[in-house]
Amino acid sequence: MPSDPIASEKVSFERKIFFLDLKENQRGRFMKITEDVGGRRDTIMLPAGAFREFLEALERLVELESKL
């Protein structure tokens, strides 16, 4: 049974919408990241234990892209 998010964020860019939902189930906390493009949705689940590493990788890519 799906649970309500603990917290949510929404990011819109051009024709894409990204939903970031912090959720919890019997296995622990996780982030559900959903991309909606014209009604088509793709989702990934990121365990809370991977948040910091994911954020650091994203920061490195953002920094690299800004230098290109």
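**Close-up views of the sheet and a surface patch**

**View 1. The bridge between aspartate 36 and arginine 41.** In this predicted model, aspartate 36 has arginine 41 of E4 as its bridge partner. Strand E3 (residues 28–37) and strand E4 (residues 40–47) pair in the antiparallel sense over eight bridges, where pairing requires that DSSP finds at least two bridges between two strands, and strands (E, at least two residues) and helices (H or I, at least four) are DSSP runs numbered from the N terminus. Two residues lie between E3 and E4 in this hairpin, and glycine 38 in the turn has a positive phi of about 55°.

**View 2. The open sheet of four strands.** The strand order is E1-E2-E3-E4, with antiparallel pairing; E1 (7–13) and E4 are the edge strands, each pairing on one side only. Strand E2 (residues 16–25) pairs with E3 in the antiparallel sense over ten bridges, and the partner of phenylalanine 19 in E3 is threonine 34.

View 3. Helix H1 (residues 51–67) contributes the largest share, three residues, whereas isoleucine 44 is found in strand E4. Isoleucine 44 counts as partly exposed because its relative accessibility is 43%, between the limits for buried (under 20%) and exposed (over 50%).

**Notes.** Residues are numbered from 1 along each chain as its sequence is written, and side-chain values use heavy atoms, leaving out hydrogens and water. Local features need pLDDT of at least 70 and side-chain atom pairs count only at pLDDT 80 or more, while totals for chains, interfaces and linings use all residues.

Technical notes
Buried < 20%, exposed > 50% of the residue type's maximum accessible area, 1.4 Å probe, protein only.
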